[in-house]
Amino acid sequence: MALVHKLLNGTYILRKCPKPRVVFCPFWRTHFADYCSSSFQKPVAAPGKAYSQRKTKGNLEEHHQREVALEITSPEDKPEISFDKAIKEEMKGHFRHLKDDIVNYWIGPEGRPLHEVLMEQAKVVWQFRSKEDLDKWTVTSDKTIGGRSEVFLKMGRNNQSALLYGTLSSEAPQDGESGRSGYCAMVSKILRGPFEMKRSYDWSHFNTLYLRVRGDGRPWMVNIREDTDIIQRKDQMYSYFMFTRGGPYWQEVKIPFSKFFFSNQGRIRDAQYQLPLDKISSIGFTLADKVDGPFFLEIDFIGVFTDPAHTEEFAYENSPELNPRLFK
């Protein structure tokens, strides 16, 4: 009877224990469940106290699971992407910029009062103090047509200037078509408004281009493009020369807008036109002096100002035969 009592008691305990450990008894050649002695020694708590302990333990486990869920994200739990929401946010941003442009148009350029704009004598259009300022420009070379020139643009020392450098090569590409090569350029990107609409610069209140640069003695060509949607006029530009001194010292370059001459597809035209200062699209710098080797040009800022001593309107002569529309 004692043996039967023990077997029944073991069966009762086996039901309550979640993970028994099976032990083989060599005397009885039978497998018995080995239970930890601590399960028999646990004191029985009062019903209310046991409930509060289970509740506290459950709260702690839930809090722990919440922390783990915040720290560890399953690779399957990917954030939902709503294209409709992204499009709505993009449209809201464009309409917000459009509203600002309309309000600023009635107030004045860049939201300033008109009398401040009319009395302004100088203005910095581009300056280089961070990588965001470099993102407003792009560089190109004769590599686009198979040449060997290289050009790079990076921030200068102490992030106070932009450094344009590279190597010029006048070796013609071996394509059987191009007979000459050797140029590098830096061009400003077109200003964009809401809905990616093109915007232009209005410099009609100024008469001189103002730059602070430091070069290696090479001559550069400063090119200004007009804002136009006509495909036939995309290769037209207004240009003038900028001569750098070389050496460690900065120089201030002042070029009157009346000096810029008109060219089309890289050729100076016989009929010259004045630079339309109220619709400037971009400005650029080109090196093509046919001298192979390294070069550099460091630019602090590019701006415009009004020189009261300069009264010239246009520096080039025209005739009714060359430019009839100027003599109507």
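**Salt bridges, sheet and core in a predicted model**

At 26% relative accessibility, Lys259 counts as partly exposed, a class that falls between buried (under 20% relative accessible area) and exposed (over 50%), as computed with a 1.4 Å probe on protein chains only. The model is a predicted one, in which local features need pLDDT of at least 70 and side-chain atom pairs count only at pLDDT 80 or more, whereas totals for chains, interfaces and linings use all residues. Residues are numbered from 1 along each chain as its sequence is written, and side-chain values use heavy atoms, with hydrogens and water left out.

**Overall make-up**

- The protein chain contains 6 helices and 17 strands, where helices (H or I, at least four residues) and strands (E, at least two) are DSSP runs numbered from the N terminus.
- Of the 328 residues in the protein chain, 31% are buried.
- Among contacts in the protein chain with a separation of 6 or more, 70% involve residues 24 or more positions apart, a contact being heavy atoms within 4.5 Å.
- The protein chain exposes about 23400 Å², of which carbon and sulfur atoms supply 55%; accessible areas come from the Shrake-Rupley method with a 1.4 Å probe, and for residues only the protein chains shown count as cover.

**Salt bridges**

- The structure holds 11 salt bridges, each defined as a side-chain nitrogen of Lys or Arg within 4 Å of a carboxyl oxygen of Asp or Glu.
- Lys259 is joined to Glu312 by a salt bridge whose closest N and O atoms are 3.4 Å apart. Because Lys259 lies in the loop between β13 and β14 and Glu312 in the segment after β17, the pair ties together parts that are 53 residues apart in sequence. Glu312 counts as partly exposed, at 32% relative accessibility.
- Lys198 and Asp227 meet through their side chains in a salt bridge with an N to O distance of 3.5 Å. This pair links distant parts of the chain, with Lys198 in strand β9 and Asp227 in the loop between β11 (219-226) and β12 (236-243), 29 residues apart. Lys198 is partly exposed, with a relative accessible area of 33%, while Asp227 counts as buried at 18% relative accessibility.
- Glu171 and Arg148 form a salt bridge in which the closest N and O atoms are 3.2 Å apart. Here too distant parts of the chain are linked, since Glu171 is in the loop between β6 (162-168) and β7 and Arg148 is in the loop between β4 and β5 (150-155), 23 residues apart. Glu171 is partly exposed, with a relative accessible area of 37%, and Arg148 is exposed, with a relative accessible area of 52%.
- A network of salt bridges links Arg129, Arg212 and Asp300.

- An open sheet of 7 strands runs in the order β4-β7-β16-β11-β12-β14-β15 with antiparallel pairing, two strands being paired if DSSP finds at least two bridges between them. The edge strands, β4 (137-141) and β15 (267-268), each pair on one side only.
- β4 pairs with strand β7 (residues 184-188) in the antiparallel sense over 5 bridges, and the bridge partner of Thr140 in β7 is Ala185.
- Ser263 belongs to strand β14 (residues 261-264) and is buried, with a relative accessible area of 6%. Apart from its neighbours within four places in sequence, Ser263 has contacts that include Asp235, Met237 and Arg269.

- β10 is largely enclosed by the rest of the structure, because 7 of its 8 residues are buried.
- Strand β13 (residues 251-256) pairs with β10 in the antiparallel sense over 6 bridges, with Pro256 in β13 as the bridge partner of Thr208. Strand β17 (residues 293-305) runs antiparallel to β10 and is joined to it by 8 bridges, with Leu211 standing opposite Ile302 in β17.
- Asn207 is found in the loop between β9 (198-199) and β10 (208-215) and is buried, with a relative accessible area of 16%. A polar atom of the Asn207 side chain lies 2.8 Å from the backbone nitrogen of Asp307.
- Although 50 residues separate Asn207 and Phe257 in sequence, they are 5.7 Å apart in space, C-alpha to C-alpha.

**Nonpolar core**

- The largest nonpolar core has 38 residues, and those with the most contacts inside it are Trp203, Leu209, Met242, Phe257, Phe285 and Ile302; such a core is a set of buried Ala, Val, Leu, Ile, Met, Phe, Trp, Tyr and Cys residues joined through side-chain atoms within 4.5 Å. β17 contributes the largest share of this core, 5 residues.
- Leaving aside its neighbours within four places in sequence, Phe285 has contacts that include Trp137, Leu211, Met242 and Ile302.

Notes
Polar contact = N/O pair within 3.5 Å; in protein donor to acceptor, adjacent residues only side chain to side chain.
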